[in-house]
Amino acid sequence: MKEKIKKITNSKIFHLCMISVIIIGIISFFIFLSARYDVQGETKMPFNISKISVISSVEGIDTGNAEKKWSFNINQNNDIYIYIENDEKNSKEEIIESIKIENIQVKKQNEIGTVKIYRPDKEEEKIIFKNIPENEITDITFEGDIKSDLKNFKISNQGGIIAFRYSNNEIAQYSSDEEQINHNELLKKANIQEDLLKAELQFDLIMKLNEGKIYKTNISLQMPVENIVEQGTTSREITDTSSFIFKRLNN
């Protein structure tokens, strides 16, 4: 019996089978690692998204119609603030070189208004955003610096805030001879239903660090924040950021 076993184990076919088993095991292991990475992404990010704040509001732009006391084109604005923080558990000091928002896509449920994406306004001191052609963007990059400065597109190299605006412009017109107009009531006065405003905003956030490491995550947000028609200004904070999975773009 021992001689038979020895003969089998010394055979060429046995050796080929064992090599095949080892190769299959190695391939299966790497497939498992790849599948887990697709689900979990990077598990030790030096910087993470701590929260995202969305502020939805209504804005009336004067049309200059002299026949009415008030005449507005109505915009529905959504200001998006993304908070980046340093992971204190990461012992190795890293520095943010830049953070870029790109590949911005909007899936609207209804064809109402015109979607525009805006950067922070550099000129006005008292406001962060202004819906003017000079501020329209398709992507935006915030460079790492000593401290964050939204208006000059800077983020602290140890974490800070970046922001941009998603706006649905000229969704309706409203004219009136009322003595006063509350802009928060414009959507209600124009009989706009909230379902007509719903959209899904998607974009990529790309984080580049000083040592050449580049990470990317995709973010999806529902626009606008609920009850915008009734309240005129609404906000939401997203603190569960576990769905924003970063993956390495380079080695």
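In which strand is the place of Glu170? Glu170 has its place in strand S7, where strands (E, at least two residues) and helices (H or I, at least four residues) are DSSP runs numbered from the N terminus. The model is a predicted one, in which local features need pLDDT of at least 70 and side-chain atom pairs count only at pLDDT 80 or more, while totals for chains, interfaces and linings use all residues. Residues are numbered from 1 along each chain as its sequence is written, and side-chain values use heavy atoms, with hydrogens and water left out.

Two strands are taken to pair if DSSP finds at least two bridges between them. Strand S3 (residues 96-108) runs antiparallel to strand S5 (residues 140-145), and four bridges join the two; Lys100 has Thr141 in S5 as its bridge partner. S3 is also joined to S8 by 10 bridges, again in an antiparallel arrangement, and here Gln105 has Gln202 in S8 as its bridge partner.

The pairing of S8 with S9 is antiparallel and extends over 10 bridges, with Leu201 opposite Leu221 in S9. The hairpin of these two strands has four residues between them, and Gly212 takes a positive phi near 90° there. S8 is mostly covered, since nine of its 11 residues are buried. Buried means under 20% relative accessible area, exposed means over 50%, and partly exposed lies in between (1.4 Å probe, protein chains only).

Four aromatic pairs are present in the structure. Trp70 and Phe72 form a stacked pair, with 5.9 Å centre to centre and 20° between the planes. Rings of Phe, Tyr and Trp (its six-membered ring) pair if their centres lie within 6.5 Å; planes under 30 degrees apart count as stacked, over 60 as edge-to-face and the rest as tilted. Trp70 counts as partly exposed because its relative accessibility is 27%, whereas Phe72, at 5%, counts as buried. The pair of Phe164 and Phe203 is edge-to-face, because the ring centres are 5.2 Å apart and the planes are at 85°. Phe164 lies in strand S7 (residues 161-176) and Phe203 in strand S8 (residues 199-209), so this pair ties together parts that are 39 residues apart in sequence. Phe164 is buried at 1% relative accessibility, and Phe203 is buried with a relative accessible area of 0%.

A further contact of an aromatic ring involves Lys51, whose charged end sits over the ring of Tyr83, 4.6 Å from its centre. A charge sits over a ring if NZ of Lys or CZ of Arg is within 6 Å of the ring centre and within 35 degrees of the ring normal.

Several backbone features complete the description. Glu170 is not a glycine, yet has a positive phi of about 50°; this residue counts as exposed because its relative accessibility is 53%. Asn227, also not a glycine, has a positive phi of about 70°. The place of Asn227 is in the loop between S9 and H4, and the residue is partly exposed, with a relative accessible area of 39%. Pro224 lies in the loop between strand S9 (214-223) and helix H4 (228-231). The peptide bond from Met223 to Pro224 is cis, with omega near -15°.
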